Amino acid sequence: MDDHRRKIITYEIKYWKQNRMLPDHYCDFLLNLYTEGSEEAELPKQKRPRSITGLGSFILIGLLSLSVFLFYFTELSLFLQTAFIIFFAITTLSAVLYMLKKSFFDLIPLLTSALLLLITSVQAAEIIFPELPLLLYIVAGLNCILWIAAGSKWNMVSFKLSGTLGLIVLVIAIFI
């Protein structure tokens with residue numbers, strides 16, 4: 001194979017690896033195959049360093065834990081609960097939107113925002129309509145459908161599985 005063709009192929013494989021079009025180990029195998037084991041200059045990395053991504057994930061998990069603690073184990077006024085809900089929702093959604101804009105998917109912020117949306121919507125349904133348990137089932141079902149749709153759109157098995165299991169548990173809870 002001539003050098004020009006090999007460079008084009010290796011550049012494309014590096015592009016696939018960088019944009020997560022193929023798993024890293026597939027790309028490494030193909031790069032080793034086409035470069036015959038020799039190292040070539042890497043494309044500049046567009047991903048953030050792992051330490052910053054890990055810190056962001058840790059902060060979002062902390063927000064999720066704090067929201068569960070504040071909503072279910074303390075007696076806060078409705079105004080404070082609403083303020084915390086809005087703050088946590090804006091924080092996690094901005095993190096997810098930033099993540100989607102930068103084209104890197106870290107599962108922790110997505111799961112955190114999905115769980116926070118579930119907690120928030122269930123809490124809002126309980127506060128606004130305390131005598132309508134059917135509305136609580138509808139809100140939980142809509143969250144599960146949203147998870148399935150997000151899993152289908154971004155091809156994330158964890159969201160598809162969580163949404164499907166959530167709907168199954170919800171149906172069992174309704175009929176038992």
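1. Let's start with helix H6, where Val 139, Ala 140, Gly 141, Asn 143, Cys 144, Trp 147, Ala 150 and Gly 151 are buried. Bear in mind that this is a predicted model. The cover over those buried H6 residues includes helix H5 (107-128) and helix H7 (157-175).

2. The geometry of H6 checks out. The helix runs over residues 133-154, which makes 22 residues, and at 1.5 Å a residue it should span 32 Å. Its end C-alpha atoms sit 32 Å apart, so expectation and model agree.

3. Zooming out, what does the fold consist of? There are seven helices and zero strands, and along the sequence the pattern reads α-α-α-α-α-α-α. Contacts between residues 24 or more positions apart make up 58% of those with a separation of 6 or more.

4. On burial and surface: the protein has 176 residues, and 27% of them count as buried.

5. Now the aromatics. How many aromatic pairs does the structure hold? There are two. A pair of rings is described by the distance of the centres and the angle of the planes. Phe 84 and Phe 88 make a stacked pair, at 5.9 Å centre to centre and 20° between the planes. That label follows because planes under 30 degrees apart count as stacked.

6. Where do these two residues sit? Phe 84 and Phe 88 are both in helix H4 (residues 78-101), four residues apart, or about one turn of the helix. An α-helix has 3.6 residues a turn, so residues three or four places apart point the same way. Are the two buried or exposed? Phe 84 is partly exposed, at 28% relative accessible area, while Phe 88 counts as buried at 2% relative accessibility.

7. Phe 88 also pairs with Phe 87: the ring centres are 5.6 Å apart and the planes stand at 55°, so this pair is tilted. Why tilted? Because 55° falls between the cut-offs, with under 30 degrees being stacked and over 60 edge-to-face. Phe 87 is partly exposed, with a relative accessible area of 47%. Buried counts as under 20% and exposed as over 50%, so the 47% of Phe 87 lands in between.

8. Putting the rings together, Phe 84, Phe 87 and Phe 88 form one aromatic cluster. Within it, Phe 88 takes part in the stacked pair with Phe 84 and in the tilted pair with Phe 87.

Note on methods
Residues numbered from 1 in each chain as written. Predicted model: local features only at pLDDT ≥ 70, side-chain atom pairs only at ≥ 80, totals over all residues. Heavy atoms only, no water. Phe/Tyr/Trp six-rings, centres within 6.5 Å; stacked < 30°, edge-to-face > 60°. Helix = DSSP H or I, 4+ residues; strand = E, 2+ residues; numbered from the N terminus. Buried < 20%, exposed > 50% of the residue type's maximum accessible area, 1.4 Å probe, protein only. Contact = heavy atoms within 4.5 Å. Expected span 1.5 Å × (residues − 1).
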